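Okay, thanks for coming, everyone.

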Amino acid sequence: MLIRPMTTEDVPTAEAISADAFHALDLSRRRPADPEPQRRAPANAAGWIARTEKFVATDPGGCWVAEDDDGVLGFATSLRREDVWCLATFAVRPGHQGGGIGSRLLAAATAYGVGCERGMLAASDDPRATRSYHRAGFRLHPQLTLTGTVDRSALPAVTGLRDGVPDDLGWMDDLDRSLRGGPHGPDHEPLMGISRLVVAADRSGYAYTNTGGPGLIAARDEATARTLLWECLAGTEGRAEVAHVTVANDWAVDVGIAARLDLATRGYLGLRGMAPPAPYVHHGAVL
Ligand SMILES: CC(C)(COP(=O)(O)OP(=O)(O)OC[C@H]1O[C@@H](n2cnc3c(N)ncnc32)[C@H](O)[C@@H]1OP(=O)(O)O)[C@@H](O)C(=O)NCCC(=O)NCCS
């Protein structure tokens with residue numbers, strides 16, 4: 001078994017491993033009220049590949065694969081953004097899990113974060129993942145998820161927001177530095193490619209969102225965060241999901257419940273050297 005740096009050529013294989021591993025996990029941990037888990041759709045696979053190719057370009061020291069004579073069996077991608085190291089994705093091919101491959105990959109990825117005071121990751125409920133992260137020194141903060149169809153009669157009139165433009169990225173990065181210790185920097189470009197960027201006109205916060213719900217919300221104050229979340233919910237079509245809400249962000253629970261979404265727990269925000277950011281709803285990969 002060889003642990004070696006990931007190359008651009010590995011990315012489609014890594015995508016397939018990730019889609020299979022998370023689909024298998026979703027099937028195994030499905031709760032009775034959950035919809036039937038679906039393997040990642042081809043349109044989303046293209047976005048995953050584009051984003052991961054960028055990680056390989058910006059953070060070659062943080063992206064690793066495990067390979068044997070049968071080919072690539074697992075991978076871990078991670079990034080450093082000033083004081084914060086983030087684990088973007090981590091998966092081992094189903095059928096090869098539980099044999100120590102993941103531990104070796106995570107060791108390579110976390111070594112890239114040495115020197116960063118802070119660390120962040122969005123953990124699945126897989127006990128192999130939570131055990132690995134705890135061992136690596138991460139505190140695991142339960143995540144809440146709100147799902148359902150937004151009650152449109154509950155939507156308030158929202159003011160003070162506008163669509164974001166590239167000129168906004170500077171103050172957005174400063175806001176991220178204050179909230180989590182590092183900017184999103186090069187991670188904005190892929191987010192802007194697949195999501196709508198909405199910002200507070202007074203520069204007090206921003207959100208990336210699409211028709212399924214918000215991907216990331218960062219704000220200086222709770223009032224702005226609530227306004228941004230309502231705007232995200234107004235743009236949803238069909239089933240909406242507000243994922244990655246920590247208990248430090250119960251403003252998001254207030255809004256989700258008021259929109260008649262259902263509350264459940266799913267996964268953990270793993271943190272090292274920092275408390276859960278707020279008002280903040282992290283992104284699953286770029287945190
Ligand atoms: C999470 C994952 C990447 C870990 O890789 P892996 O090769 O399966 O993990 P390892 O074999 O190195 O085991 C990791 C830890 O889990 C333990 N473990 C192994 N099998 C286990 C099982 N069935 N139940 C509980 N713990 C188990 C190992 O002993 C090890 O813990 P230790 O270091 O304290 O001894 C892999 O299981 C996976 O792809 N899961 C699905 C996708 C996922 O959840 N990814 C993480 C996203 S946050």
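Quick definition before we start: two strands pair if DSSP finds at least two bridges between them. Strands themselves are DSSP runs of E with at least two residues, helices are runs of H or I with at least four, and both are numbered from the N terminus. With that, β1 and strand β2 (residues 64–68) pair in the antiparallel sense over four bridges, and L2 has E67 of β2 as its bridge partner.

Ground rules: this is a predicted model, where local features need pLDDT of at least 70 and side-chain atom pairs count only at pLDDT 80 or more, while totals for chains, interfaces and linings use all residues. Residues are numbered from 1 along each chain as its sequence is written, and side-chain values use heavy atoms, with hydrogens and water left out.

Now zoom out to the sheet. It is open, with eight strands in the order β1-β2-β3-β4-β5-β12-β6-β11, and the pairing is mixed. At the edges you have β1 (2–5) and β11 (240–245), each with a single partner strand, so one side of each has no neighbour in the sheet.

Next, the aromatics. Rings of Phe, Tyr and Trp (its six-membered ring) pair if their centres lie within 6.5 Å; planes under 30 degrees apart are stacked, over 60 edge-to-face, and the rest tilted. Searching the whole structure gives four aromatic pairs. One of them is W85 with F138, tilted, at 6.0 Å centre to centre and 45° between the planes. W85 sits in strand β4 and F138 in the loop between α4 and β6, so this pair ties together parts 53 residues apart in sequence. Another tilted pair is F90 and Y133, at 6.1 Å centre to centre with 50° between the planes. Here F90 is in strand β4 and Y133 in helix α4, so the linked parts are 43 residues apart in sequence.

F90 comes out buried at 14% relative accessibility, and Y133 is buried at 5%.

Stay on α4 for one more residue. T130 lies in this helix, residues 127–135, and is buried too, with a relative accessible area of 16%. Leaving aside neighbours within four places in sequence, T130 is in contact (heavy atoms within 4.5 Å) with S124, L140 and Y268.

Methods:
Buried means under 20% relative accessible area, exposed over 50%, partly exposed in between (1.4 Å probe, protein chains only).
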